[in-house]
2 protein chains.
Amino acid sequence: MSGGRPRAFDPETALDRALEVFWRQGYEGTSLSDLTAAMDINRPSLYAAFGNKEQLFRKVLDRYFTSPGAFAAEALEAPTAQTVIERLLLGAVELTTGRDTPHGCLSVNSVHACGPDSEPIRQEVIARRMAGEAALRHRFEQAADLPADTDPRVLARLVYTVTDGIAVQAASGCTRDQLHQVADLALRSLFQLPS
Amino acid sequence: MSGGRPRAFDPETALDRALEVFWRQGYEGTSLSDLTAAMDINRPSLYAAFGNKEQLFRKVLDRYFTSPGAFAAEALEAPTAQTVIERLLLGAVELTTGRDTPHGCLSVNSVHACGPDSEPIRQEVIARRMAGEAALRHRFEQAADLPADTDPRVLARLVYTVTDGIAVQAASGCTRDQLHQVADLALRSLFQLPS
DNA sequence: CTTGTTCTGTACCGATCGATACGAAACTAG
DNA sequence: CTAGTTTCGTATCGATCGGTACAGAACAAG
């Protein structure tokens, strides 16, 4: 039992740097050289601390959902279905159009991870998306402010369809203000509110 | 002036094969080996006939929008704004969940083209998307079946947000039937139709 | 000190990336 | 037939990919 040479970097901040790069460039678009440059560590240090590129990305995904993407889980605690949806749509706009973060959504980007070698990553992201959708459906099943003929599954899927679309729009240059208008219109349509 | 050796492949079918591969694997995820294998031609033949990978992708984009994605332009000719949106949403579902085509949308995939080297591709796709959105806005400006307080820009953006979301959902495994339900609910919400 | 352990830094691995050089093959024109 | 032209097929280019071997540096324990 012994000390050994102390590591010269903080794993958490390094993980944040990796999140930055993966968020902006996607899984396949990010090379190990990009990662080591952004994390300011050498290649062997990266492998020793985080496994390999795929394992690093999974840890980055965890960090993404627990900190910038935490609003999605927290939104489910809103009192009514309407406020849940409101928080989800507005939260998606904020997340995907941040001033200090890349535009778009890491999760949505990763669904389109391209090559055959990144298929496990795709599957993992898809599994997380389905879990989120199922949670939203359960939340809707317990809501009292939805019409009786509303299918919670379809509504949950529509809401995630809109948030996914928001992410795509943000990734393709739509501004935060523009997307706020879109989210507002979507909410007014869903709940037939006066404009 | 002379003949020369005739080419042993049909450029149009080769382009269709390339579309297939790019559609499924994205721009960066598709290697030249993937392309030559799918198009059943050699590397120099590809370069002689289509330029390079980027130019080939642009021609594939043209083909995509003029044949599987043609519904988007045609939908604008529908008589009312409501039917325009109807055709767009249902067309998006059909396009992105085809039996004999990859799931998802080539255009939406390419927005997330990852690395810094594929930035020109991203910009081209974004430009085409903005052109489509502008066309839809103009169509809405001339529509008689929209409430007077409707902002055509916001509505156009919302419609494309939903079609983008449909593409993401399709890419992540959602079935055609499920997305039809989503599109139906979106339409009923937008136009406050009885279910 | 020495020993053991862990991390750092360089230099490198085989594989694959997009892109080409070059000669043989297949055609037309004369 | 020969000459000219275009495509095909192989073999290869330099660069980069993800991943590692290995030696030296920095610590703790004795």
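Analyst: Let us begin with a term: a residue is near a strand if one of its heavy atoms lies within 4 Å of it. The model shown here is predicted. In it, the largest share of the surface near DNA strand C, three residues, is contributed by H3(B).

User: Which residues come nearest to DNA strand C?

Analyst: There are 25 residues around DNA strand C, and those that come nearest are Ala8(A), Ser45(A), Leu32(B), Tyr47(B) and Lys53(B). By class, the surface near DNA strand C comprises nine nonpolar, eleven polar and five charged residues.

User: Which part of DNA strand C do the atoms within 4 Å of the protein belong to, sugar or phosphate, or bases?

Analyst: Sugar or phosphate accounts for 70% of the atoms of DNA strand C within 4 Å of the protein, and bases for the rest. The side chain of Asn42(A) places an N or O atom 2.8 Å from a phosphate oxygen of DNA strand C.

User: How is the packing of two helices described?

Analyst: In chain A, helix H6 (residues 81-96) packs with helix H8 (residues 119-141) at an angle of about 155°, and their axes are 10 Å apart. Angles over 145 degrees count as roughly antiparallel, so H6(A) is roughly antiparallel to H8(A). Their crossing is left-handed.

User: Which residues make the contact of H6(A) with H8(A)?

Analyst: H6(A) supplies Ala81(A), Val84(A), Ile85(A) and Leu88(A), while H8(A) supplies Leu136(A), Arg139(A) and Phe140(A). Of the residues in this contact, six are nonpolar, none is polar and one is charged.

User: At what angle do the axes of helix H9 of chain A and helix H8 of chain B cross?

Analyst: Helix H9 (residues 152-171) of chain A and helix H8 (residues 119-141) of chain B have axes that cross at roughly 115° and come within 11 Å. Val168(A), Gln169(A) and Ala171(A) of H9(A) meet Arg122(B), Ile126(B), Arg129(B) and Glu133(B) of H8(B) in this contact. The classes there are three nonpolar, one polar and three charged residues.

Conventions: Residues are numbered from 1 along each chain as its sequence is written. Chains are lettered from A and ligands numbered from 1 in the order in which they are written. This is a predicted model: local features need pLDDT of at least 70, side-chain atom pairs count only at pLDDT 80 or more; totals for chains, interfaces and linings use all residues. Side-chain values use heavy atoms; hydrogens and water are left out. A polar contact is a pair of N or O atoms within 3.5 Å; within protein, one must be able to donate a hydrogen and the other to accept it, and residues adjacent in sequence count only if both atoms are side-chain atoms. Helices (H or I, at least four residues) and strands (E, at least two) are DSSP runs, numbered from the N terminus. Ala, Val, Leu, Ile, Met, Phe, Trp, Tyr, Cys and Pro count as nonpolar, Asp, Glu, Lys and Arg as charged, and the others, Gly among them, as polar. Axes are lines fitted to C-alpha atoms, for helices over the stretch in contact, and angles run from 0 to 180 degrees between N-to-C directions. Angles under 35 degrees count as roughly parallel, over 145 as roughly antiparallel, 65 to 115 as roughly perpendicular and the rest as oblique. A crossing is left-handed if the near helix is turned anticlockwise from the far one by less than a right angle, and right-handed if clockwise. Contact means heavy atoms within 4.5 Å.
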